[in-house]
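Here is a short briefing on the structure shown below.

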Amino acid sequence: QVQLVESGGGLVQAGGSLRLSCAASGSIFSINFMGWYRQAPGKQRELVAGVTTGGSPNYADSVKGRFTISRDNAKNTVHLQMNSLKPEDTAVYYCNAHIKPTALTLGNYWGQGTQVTVSS
């Protein structure tokens with residue numbers, strides 16, 4: 001069984017920084033993708049940043065230049081460094097990963113979500 005465990009959310013003033021972390025554990029043969037989504041109240045969940053194994057990071061236009069995603073493939077972790085935070089970044093942030101528990105299976109996994117609140 002695969003689990004994604006997130007940490008690092010919280011309350012910060014506008015212009016501040018937060019770092020989110022997500023660790024995948026359990027039966028993992030390989031990981032194809034790791035990334036972060038967010039969902040604000042009344043809005044659809046959206047991709048914030050993601051990176052495929054061996055690929056370049058992708059970012060939502062709204063966070064380019066402010067957020068940086070990084071992966072540690074050896075530790076099956078992904079981090080999201082969020083700088084110059086704005087009130088509109090307030091949302092629940094979810095870790096997402098496309099993981100192969102075995103060589104023949106592929107699953108789409110989600111973390112439990114972590115709240116990020118940016119005050120003005």
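A disulfide is counted here as a pair of cysteine sulfur atoms within 2.5 Å. Cys-22 and Cys-95 meet that cut-off, with their sulfur atoms 2.1 Å apart. The model is predicted.

**Disulfide**

- A search of the whole structure turns up 1 disulfide.
- That link joins Cys-22 and Cys-95.
- Cys-22 sits in strand β3 and Cys-95 in strand β9, so the bond ties together parts that are 73 residues apart in sequence.
- The angle about the S-S bond is -80°, and the link of Cys-22 and Cys-95 is left-handed.
- Are the two cysteines buried or exposed? Cys-22 is buried, with a relative accessible area of 2%. Cys-95 is buried too, at 0% relative accessibility. Both values count as buried because the cut-off is under 20% relative accessible area.
- A disulfide is a covalent bond between the sulfur atoms of two cysteines.

**Nonpolar core**

- The largest nonpolar core holds 29 residues.
- Which residues have the most contacts inside this core? They are Trp-36, Phe-67, Leu-80, Met-82 and Tyr-93.
- The elements giving two or more residues to this core are β1 (2-7), β3 (18-26), β4 (30-39), β5 (46-52), β7 (67-72), β8 (77-82), β9 (91-100) and β11 (114-119).
- Of these, β9 gives the most, with 5 residues.
- In soluble globular proteins, nonpolar side chains tend to be buried together.

- Strands β7 and β8 run antiparallel, and 6 bridges join them.
- Within this pairing, Arg-71 stands opposite Val-78 in β8.
- How many residues lie between β7 and β8 in the hairpin? There are 4 residues between them.
- Asn-76 lies in the turn and has a positive phi of about 55°.

**Gly-8**

- Gly-8 is in the loop between β1 and β2 (10-13).
- Gly-8 is partly exposed, at 33% relative accessibility.
- Which residues does Gly-8 touch, not counting those up to four places away in sequence? Gly-8 touches Leu-18, Arg-19 and Leu-20.
- Gly-8 and Gln-81 are 73 residues apart along the chain, and their C-alpha atoms are separated by 10.0 Å.

Note on methods:
Residues are numbered from 1 along each chain as its sequence is written. This is a predicted model: local features need pLDDT of at least 70, side-chain atom pairs count only at pLDDT 80 or more; totals for chains, interfaces and linings use all residues. Side-chain values use heavy atoms; hydrogens and water are left out. A nonpolar core is a set of buried Ala, Val, Leu, Ile, Met, Phe, Trp, Tyr and Cys residues joined through side-chain atoms within 4.5 Å. Buried means under 20% relative accessible area, exposed over 50%, partly exposed in between (1.4 Å probe, protein chains only). Two strands pair if DSSP finds at least two bridges between them. Contact means heavy atoms within 4.5 Å.
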